[in-house]
Amino acid sequence: MAITVLVVEDEPAIQELVAVNLAHAGHHVIRANDADAALRVVQAALPDLMLIDWMLPGQSGVTLARQLRSDARTKDIPIILLTARADEQDKILGLEAGADDYVTKPFSPRELLARIKAVLRRRAPQSTDDPVDLGGLRLEPATHRVSGNGQPLSLGPTEFRLLHFLMTHAERVHTRVQLLDRVWGDHVFVEERTVDVHIRRLRKALEPTGHDRLVETVRGSGYRISARPG
Ligand code: CA
């Protein structure tokens, strides 16, 4: 599944190598040369994953990782640190700062892609092609199919992404702002009530098999998908 990766790296040759290989694997790549530029990108839209070089001009990659983890809006962004340091102590420091994984330079593009896949599976299942099952509802990202008790259901692209996110984060309540951030991404010009419109369409699409019941409105908070009765 194609994801948006923000590459924070000041060395042009490495930035290029990483970007070309990610693009080749079908991913959308955004580049930043330092922490400030990266934060401006994140401010506008949350990337699906960040590759952050440890040694950056100005604020270090580790400090940037720590900063992202301490902010409620950015704390769930999967982070992989790139570094020339192979020291065990450095590795521990990087992981303590909140990085999900650590890749030592020089690395092969294949290794990097494999690490990305593993981190996404663990941290952002909505960004993988793994099928998701919940209460008789099945969503298959690879084929864009949804079914309820084996019966095919028809969903629009936004409803599909919304359902994918909710199913991979089941039982948790998400505010409209969080859903805009995580499902819409670049939502500067999208109003919060847009979420309500698409939740309504999603429920309508799930109605034929009665799975609209799984999509709950949590008054004053937002929405949640739950397979638990009541
Ligand atoms: Ca560097």
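Here is a walk through the salt bridges, helix contacts and one loop of this structure.

What you're looking at is a predicted model, where local features need pLDDT of at least 70, side-chain atom pairs count only at pLDDT 80 or more, and totals for chains, interfaces and linings use all residues. Residues are numbered from 1 along each chain as its sequence is written, and side-chain values use heavy atoms, with hydrogens and water left out.

Let's start with the salt bridges (a side-chain nitrogen of Lys or Arg within 4 Å of a carboxyl oxygen of Asp or Glu). Searching the whole structure turns up 19 of them. One joins Arg31 to Glu16, with N to O at 3.0 Å. Arg31 sits in strand β2 (residues 28-32) and Glu16 in helix α1 (residues 12-24), so this pair ties together parts that are 15 residues apart in sequence. Helices (H or I, at least four residues) and strands (E, at least two) are DSSP runs, numbered from the N terminus. As for accessibility, buried means under 20% relative accessible area, exposed over 50%, and partly exposed in between (1.4 Å probe, protein chains only). Arg31 is partly exposed at 39%, and Glu16 is partly exposed at 38%.

Now look at Asp181, which forms a salt bridge with Arg73, their closest N and O atoms being 2.7 Å apart. Asp181 belongs to helix α7 (residues 176-184), while Arg73 is in the loop between α3 (61-69) and β4 (79-83), so the pair ties together parts that are 108 residues apart in sequence. Asp181 is buried, at 7% relative accessibility, whereas Arg73 is partly exposed at 28%.

Helix α7 turns up again in the next pair. Asp196 and Arg176 meet through their side chains in a salt bridge of 2.8 Å, N to O. Asp196 is in helix α8 (residues 193-206) and Arg176 in helix α7, and the pair links distant parts of the chain, 20 residues apart. Asp196 counts as buried at 19% relative accessibility, and Arg176 as partly exposed at 25%. Elsewhere, Glu9, Glu11, Asp53 and Lys105 are linked in a network of salt bridges.

On to how helices pack. Two packed helices are described by the angle between their axes and the distance between the axes. Axes here are lines fitted to C-alpha atoms, for helices over the stretch in contact, and angles run from 0 to 180 degrees between N-to-C directions. The axes of α7 and α8 come within 9 Å and cross at roughly 75°. That makes α7 roughly perpendicular to α8 (angles under 35 degrees count as roughly parallel, over 145 as roughly antiparallel, 65 to 115 as roughly perpendicular and the rest as oblique). With contact meaning heavy atoms within 4.5 Å, Arg176, Leu179, Leu180 and Trp184 of α7 meet Thr194, Val195, Asp196 and His198 of α8.

Helix α1 has a partner too: α1 and helix α5 (residues 109-123) pack at an angle of about 60°, with their axes 10 Å apart. Val18, Asn21 and Leu22 of α1 make the contact with Pro109, Leu112, Leu113 and Ile116 of α5.

Last stop: Gly58, in the loop between β3 (49-53) and α3. Gly58 is exposed, with a relative accessible area of 73%. The C-alpha atoms of Gly58 and Ala35 are separated by 7.5 Å, and the two residues are 23 residues apart along the chain.
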